[in-house]
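Hello,

I am passing this structure on to you, together with some notes on what turned up in it. Please have a look at it first, and then read on.

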Amino acid sequence: MTDRQFEEGTTLDRFLMETMRATPGATGHFVNLCQSVALAGKMISARVNRAGLAGLLGETGEVNIQGEFVQKLDRYANDTFIRALEHRGHTAMVVSEEEAEPVLVPSRFQSGRYVVTVDPLDGSSNIDVNATIGTIFGVFRRLTDEGTNADLTDVLRPGDEIVAAGYIVYGSGTLLVLGTELGVNGFTLDPTVGEFFLSHPNIRIPKGKTYSCNEAYSLQWPEPTQAWLRRCKEQGWRARYIGSLVADFHRNLLKGGVFLYPATPKSPEGKLRLLYEAFPLAYLAERAGGAATDGRGRILDRVAQSLHDRTPLFIGDPDAVDALTQS
Ligand code: AHG
Ligand code: MN
Ligand code: MN
């Protein structure tokens, strides 16, 4: 892809098609994958907007692999996302927060060249209070031969091998943010038309003095991280934290700032998950001029050892991430 500039108001489909045409060797599978993600986003958005009327508030009674109570919308979002991806021949396997094991595309469908990781509904604790939640996804091109079943080797690999990532936020509006090697672009859903339109072309994270963290845990953080926080306060920073990673990250991406979720004694590896929370957002942050580390090194240099690995996360403004990583 070259220096093609897209105007605001361009539909997601047109953006994808024109991008594909300008990408040597592109076959259309990635376009199809993005269209499937967009469809899932529209369906989940519709449910989120009327969850209180559709009997979709509250828990299912199940506990997921993370030991968390599964909300009805977690289940709906998970099933919708997988169903949208499974049948168009672009995807071989999905790794989801809500699934203990990787989900292979059923054999009645053609398997594809991509493996997708997903947090179907991020910010579950905010569902029942109508606060912003979202879907986070990352895309790997599979390593194994397309004639065979995909397996763990297709996802237990360096984050740097992600080829695309994104998220959909269900807030005052529904926005799909898509990152590829060509940059990061945001598309707002016009629910009256049922289409995503380019609203935030070529997103670059601006400078901003906002931190997003669960400050209630700060006394449990490593002392250098606490010291960093004290310096921020002395320097007149402000705080914003809703408790949905995707919403907090999104705000910082557009307005400037840093999100941090350090390790604590209760979560010595951190709380957030590497494959479907940290990797996709780290990919987006870097392509938007930001940075992401686990406090020691770059997130995208990490290699997942198992599907549901956790990590401390420092992400957003590159200078703040740098200060937190050295702290
Ligand atoms: P999920 O809803 O997918 O399980 O993720 C919840 C995560 C993340 O969205 C958020 O940043 C974090 O949990 C909030 O944790 P605290 O309540 O500990 O602040
Ligand atoms: Mn999450
Ligand atoms: Mn989730």
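By class, how many nonpolar, polar and charged residues does the shell around ligand 1 have? It has seven nonpolar, five polar and seven charged residues, where Ala, Val, Leu, Ile, Met, Phe, Trp, Tyr, Cys and Pro count as nonpolar, Asp, Glu, Lys and Arg as charged, and the others, Gly among them, as polar.

Before going further, a word on the basis: this is a predicted model, in which local features need pLDDT of at least 70 and side-chain atom pairs count only at pLDDT 80 or more, while totals for chains, interfaces and linings use all residues. Residues are numbered from 1 along each chain as its sequence is written, chains are lettered from A and ligands numbered from 1 in the order in which they are written, and side-chain values use heavy atoms, with hydrogens and water left out.

Back to the ligand. Of the 19 residues around ligand 1, the nearest are Asp-122, Ser-124, Asn-214, Tyr-241 and Tyr-261 (near means a heavy atom within 4 Å). Strand β5 (114-122) gives the most to this shell, with three residues; strands are DSSP runs of E, at least two residues, and helices are runs of H or I, at least four, numbered from the N terminus. Ligand 1 lies between domain 1 (12-200) and domain 2 (210-326), because both give residues to its shell; the domain bounds come from an automatic or database domain assignment.

There are polar contacts too (N or O atoms within 3.5 Å). An oxygen atom of ligand 1 is 2.9 Å from a polar side-chain atom of Lys-271. The protein buries 88% of the 470 Å² that ligand 1 exposes when taken alone (Shrake-Rupley method, 1.4 Å probe).

An N or O atom in its side chain is 3.0 Å from an oxygen atom of ligand 1. Glu-97 also forms a salt bridge with Arg-273, at 3.2 Å between the closest N and O atoms (a side-chain nitrogen of Lys or Arg within 4 Å of a carboxyl oxygen of Asp or Glu). The two are 176 residues apart, and both are buried (under 20% relative accessible area; exposed is over 50%, partly exposed in between; 1.4 Å probe, protein chains only). Salt bridges link Glu-68, Glu-97, Arg-273 and Glu-277 in a network.

The count of salt bridges comes to 18. Another one joins Glu-18 and Arg-14 at 2.6 Å.

Best wishes

Terms used: A polar contact is a pair of N or O atoms within 3.5 Å; within protein, one must be able to donate a hydrogen and the other to accept it, and residues adjacent in sequence count only if both atoms are side-chain atoms.
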